[in-house]
Amino acid sequence: MASQPKGEPWPENGLIPIGFDSSQNSFHAYVHVPYCLTRCGYCDFNTYTATELGNSSRSDYFKEVIKEIDLSVALMAQSGIKLRKLSSIFFGGGTPTLLPASDLTAIANHLEKTFGFEAGIEITTEANPDSVDKDYLLELSANGFTRVSFGMQSAVPTVLRTLERTHNPDNVAKNVLAAKEAGLEVSVDLIYGTPGESLSDWEISLREAINLNTDHISAYSLIVEPGTKMHRQVSSGELSQPDDNLHAEMYLLAEQLLSEAGFVNYEVSNWARFGKVSKHNIAYWLSKDWWGYGPGAHSHIAGTRWWNIKHPAAYSQQLSLSKLPIFEREVLSVHDQDVERVMLEIRLESGLDLDWLKAKGFAEAKVIAELVADGLVEGKRVFEGRLVLTLQGRLLADLITRRLLGF
């Protein structure tokens, strides 16, 4: 499991440092639900099975999140941060749908009561295909949820076994249909580059996802994270090493098939049909303000980033003392914020504002010319004042970022 980032202690006065006036930023909420039935071998997310929960109670979890919401409002008021209506809510995990639908809706309803909702708010939950049914999805839809994201990962049984994904593949199609019939928008998550997965395996998964007629598809290259079971298996030779060239071929195939099916790549790893871009995803890439609730959740407001205590039992203990479960923070300098903007917005279909880049000293004319000549950014868009990656550029987004920043 991933370790916490390195930060500094929360200040003694307990207030959120305000690096700049972000009152015009949209405001969003992330709710982390840290429960899973089993731990997948590749996963380093902050998740826990029943035997790892200690004194934490899953049945009381929604009450704890509601208490954290109330404490967060008090802290914002004390820090002089104006409350804003929420533009999106995202329930992630773990497996949020291991909780009853009534628990998720109780949290969403409390967020609405506390902050209010912008018109057209997007409310999403992640879901394991085995953890919901038609009635569950109908209850979410009836209580204001607008979107569900299913962890499909693959349509190939051997790949699912390597990933240690235990869901029944047949339940993906069944519950995607049930979600659409309930009036929910639907996204599916895919993973490519699993050890032993072939290009033809990946094509099967892509075509199956496309045939589901969803609104949104995310496709992530598998990263074998240190500390995971899969990392130990790869290190010992039990599983094959990742192949970067094969990963690139898989990405190119994804772009080909998804674009042919009417999806647009609005962020390097995310494709959506027209009008179905995830508002919550975009908020992260544009560095908007959000409060993360739950164990290990991260928040970002007015140039300060912080993260919660990771273990659910320690999280519960802090809340029982009426204390926010914040672990550490990082106050971003103006330069840090600018660097992050380059790193994040370069991944978007809209790209970066070239005048802003030049004003910040990040984009030397020679570097831009080289990127155009190498076919990594779109020359036409440069003349229009935007720095936008080509398809080949998407494969090298991190390298291009370093070149822009002079690293």
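Which residue in strand 9 is the bridge partner of H28? To find out, keep in mind that this is a predicted model, in which local features need pLDDT of at least 70, side-chain atom pairs count only at pLDDT 80 or more, and totals for chains, interfaces and linings use all residues. Residues are numbered from 1 along each chain as its sequence is written, and side-chain values use heavy atoms, with hydrogens and water left out.

Select strand 1, residues 27-33, where strands (E, at least two residues) and helices (H or I, at least four) are DSSP runs numbered from the N terminus. Seven of the seven residues of strand 1 are buried, which here means under 20% relative accessible area with a 1.4 Å probe, counting protein chains only. F27, A29, V31 and V33 lie on one side and H28, Y30 and H32 on the other, so that both faces are covered. In a regular strand the side chains alternate between the two faces of the sheet.

Strand 1 and strand 9 pair in the parallel sense over five bridges, pairing being called when DSSP finds at least two bridges between two strands. The bridge partner of H28 is W290, and that of A29 is W291.

Next, show strand 2, residues 86-93, which runs parallel to strand 1 and is joined to it by seven bridges; here F27 stands opposite L86.

Of its 77 residues, I89, L111 and W291 touch the most other members. Helix 1, residues 61-78, gives the most to this core, with nine residues. Apart from it lies another core, of 21 residues, among them F362, L376, A397 and I400.

Finally, select helix 13, residues 365-373, and helix 16, residues 397-405, whose axes are 9 Å apart and which pack at an angle of about 155°; axes are lines fitted to C-alpha atoms over the stretch in contact, and angles run from 0 to 180 degrees between N-to-C directions. The two helices, helix 13 and helix 16, are therefore roughly antiparallel, the word used for angles over 145 degrees. Between them, V367, I368, E370 and L371 in helix 13 meet I400, R403 and L404 in helix 16, contact being heavy atoms within 4.5 Å.

Key: A nonpolar core is a set of buried Ala, Val, Leu, Ile, Met, Phe, Trp, Tyr and Cys residues joined through side-chain atoms within 4.5 Å. Buried means under 20% relative accessible area, exposed over 50%, partly exposed in between (1.4 Å probe, protein chains only). Angles under 35 degrees count as roughly parallel, over 145 as roughly antiparallel, 65 to 115 as roughly perpendicular and the rest as oblique.
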